[in-house]
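Hi,

Here is the structure I said I would pass on.

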Amino acid sequence: MREDVIGRANVEDTPELEAYYSELGRQQSYALWTVANDIEPWQPQPASLPTLWSYAALRPLVLQALDMVSPEKAGRRVIALENPGRKGLSACVGWLYTGLQVMRPGEFATAHNHASSALRFIMEGAGGYTVVDGHKMSLAAGDFVITPNGTWHDHGVEADGDVTIWQDGLDMLLVNQLDANFYAVHPDHVQKSNVPLNDTVSIYGGRGLLPAGGEAWSKPYSPLLKYEWTSTYDTLAQSARASDGSPYDGIIMQYVNPATGGPVMKTLGATIQLLRGGERTRAHRHTGSVVYNVAKGEGFSIIAGRRFDWKKNDIFVVPSWAWHEHVNASDRDDAVLFAFNDLPSMHALGLYREEALGENGGHQQVVH
Ligand SMILES: [Fe+2]
Ligand SMILES: [Fe+2]
């Protein structure tokens with residue numbers, strides 16, 4: 001792609017140059033000016049499209065998988081979400097992966113570990129559990145769990161539970177791009193847990209309180225491992241009574257590693273945000289990809305000029321550098337959005353940028 005701008009490549013093809021390019025090709029080389037404008041864009045050019053997946057449409061298909069494949073044969077019984085702009089890459093947006101995993105009571109997935117980091121957001125069911133490095137945690141709708149890089153993990157649903165559906169989120173595509181992924185199967189199919197159920201929440205879940213004395217937590221991820229819905233929602237609601245929040249996101253909070261105040265894992269972060277009755281945020285954009293899951297309420301988001309109406313358990317994505325704003329459709333009830341993102345990677349690499357639409361953030365024109 002040629003550009004008539006000083007400092008950008010603008011070389012006309014000639015028979016002489018074309019012969020020269022062929023010669024370079026034979027030596028596994030090429031002239032940089034033939035691709036320079038494409039590989040150094042003026043701003044991010046995500047191929048990912050803003051997309052919404054309706055839970056009402058997906059749920060019956062997810063449940064259908066229960067009778068079609070066993071978790072033993074499938075490894076993980078997951079329906080993955082594919083971005084229409086990046087087919088065949090297993091990506092829901094950017095280099096993020098997401099899928100809906102379904103399990104019936106008494107089923108389990110065997111223990112393994114990988115260099116990619118994973119998280120889950122529980123959408124429905126009862127009796128679900130996950131075991132991370134020997135710490136077993138019970139899972140209810142709205143709970144958020146992490147399985148960080150290198151930790152052993154296995155999941156299941158207790159025999160007396162209900163069919164459970166959760167959203168998985170992973171950074172494996174990013175890790176694969178960096179040629180840094182590993183996978184291992186645990187010698188035991190299921191991990192034994194020698195500590196009390198939900199022990200990490202009991203020890204590290206106090207608001208503003210951490211264990212004093214003993215050995216300090218030094219692993220590169222949150223010791224809390226699980227963030228329960230009830231205390232999460234309560235925290236949001238309390239904050240909404242005392243703060244105006246962000247003009248771009250309403251009352252937004254990051255799930256943090258309580259030992260550092262930083263994100264839950266090195267590569268992936270997660271947030272929970274509350275839009276008060278009637279709230280409409282202003283538009284902003286930033287580098288980094290975000291995957292939203294509607295935890296409560298109904299409304300719509302305008303992403304890159306397109307309107308996406310959402311309700312509980314719908315999933316939608318905001319590609320890097322796309323303008324976005326959120327609207328709570330109800331005047332009375334609050335709406336809550338769970339989201340995970342690759343922002344810790346963006347920050348760690350020094351690539352984070354953010355800007356408001358107009359002076360202080362305006363509203364987008366809905367174009368289609
Ligand atoms: Fe895994
Ligand atoms: Fe944002």
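Predicted model: local features only at pLDDT ≥ 70, side-chain atom pairs only at ≥ 80, totals over all residues.

**The iron sites**

Let's begin with the iron ion listed as ligand 1. Its protein donors are His112, His114 and His153, each through NE2, at 2.1 to 2.2 Å from the ion. Along the chain, these donors follow the spacing H-x1-H-x38-H. Histidine 114 belongs to strand β4 (residues 108–114) and histidine 153 to strand β8 (residues 153–170), so this pair ties together parts that are 39 residues apart in sequence. Both histidine 114 and histidine 153 are buried.

Now for the iron ion that is ligand 2. Here the protein donors are His284, His286 and His324, again through NE2, lying 2.2 to 2.5 Å from the ion. The spacing of the donors along the chain is H-x1-H-x37-H. Histidine 284 sits in strand β13 (residues 284–286) while histidine 324 is in strand β18 (residues 324–328), so the two tie together parts that are 40 residues apart in sequence. Histidine 284 counts as buried, at 3% relative accessibility, and histidine 324 is buried too, at 1%.

**Salt bridges**

A search of the whole structure gives 18 salt bridges. I'll go through three of them.

In one, glutamate 107 pairs with arginine 77, and the closest N and O atoms are 2.9 Å apart. Glutamate 107 is in the loop between β3 (97–103) and β4, and arginine 77 is in the loop between α4 (71–74) and β2 (78–80), so the bridge ties together parts that are 30 residues apart in sequence. Are these two partners buried or exposed? Glutamate 107 is buried, with a relative accessible area of 12%, and arginine 77 is buried at 4%.

Another salt bridge links the side chains of lysine 136 and glutamate 158, at 3.0 Å from N to O. Lysine 136 lies in strand β6 (residues 135–139) and glutamate 158 in strand β8, so this pair ties together parts that are 22 residues apart in sequence. Lysine 136 counts as partly exposed at 24% relative accessibility, and glutamate 158 is partly exposed at 32%.

Then there is arginine 307, which forms a salt bridge with aspartate 309; the closest N and O atoms are 2.8 Å apart. Arginine 307 is partly exposed, with a relative accessible area of 41%, and aspartate 309 is partly exposed at 45%.

There is a network as well: Asp67, Arg77, Arg104 and Glu107 are joined into one by salt bridges that share partners.

Next, please look at strand β12 (residues 269–275), where seven of the seven residues are buried. In a regular strand, side chains alternate between the two faces of the sheet. How are the faces of β12 covered? On one side Gly269, Thr271, Gln273 and Leu275 are all buried, and on the other Ala270, Ile272 and Leu274 are buried as well.

Which strands pair with β12? Strand β11 (residues 251–254) pairs with β12 in the antiparallel sense, over four bridges. In that pairing, isoleucine 252 stands opposite glutamine 273. Strand β19 (residues 335–341) also runs antiparallel to β12, and seven bridges join the two. Here leucine 275 stands opposite alanine 335.

**A buried loop residue**

What does asparagine 313 touch, leaving aside neighbours within four places in sequence? The contacts are Tyr55, Met123, Asn293 and Val294.

**On the surface**

Last stop: Val11, Tyr20 and Trp33 make up a nonpolar patch on the surface, with about 270 Å² of accessible area together. Of these, tryptophan 33 is in the loop between α1 (15–26) and α2 (36–39). Tryptophan 33 counts as partly exposed, at 36% relative accessibility.

Cheers

Definitions and conventions
Residues numbered from 1 in each chain as written. Chains lettered and ligands numbered in written order. Heavy atoms only, no water. Patch = residues over 30% accessible without salt bridge, like charges linked within 9 Å, V, L, I, M, F, W, Y side chains within 5 Å. Areas by Shrake-Rupley, 256 points an atom, 1.4 Å probe, with all protein chains shown as cover. Salt bridge = Lys/Arg side-chain N within 4 Å of Asp/Glu carboxyl O. Buried < 20%, exposed > 50% of the residue type's maximum accessible area, 1.4 Å probe, protein only. Donors = N, O, S within 2.8 Å, 3.2 Å for Na, K, Ca; no water. Contact = heavy atoms within 4.5 Å. Pairing = 2+ DSSP bridges.
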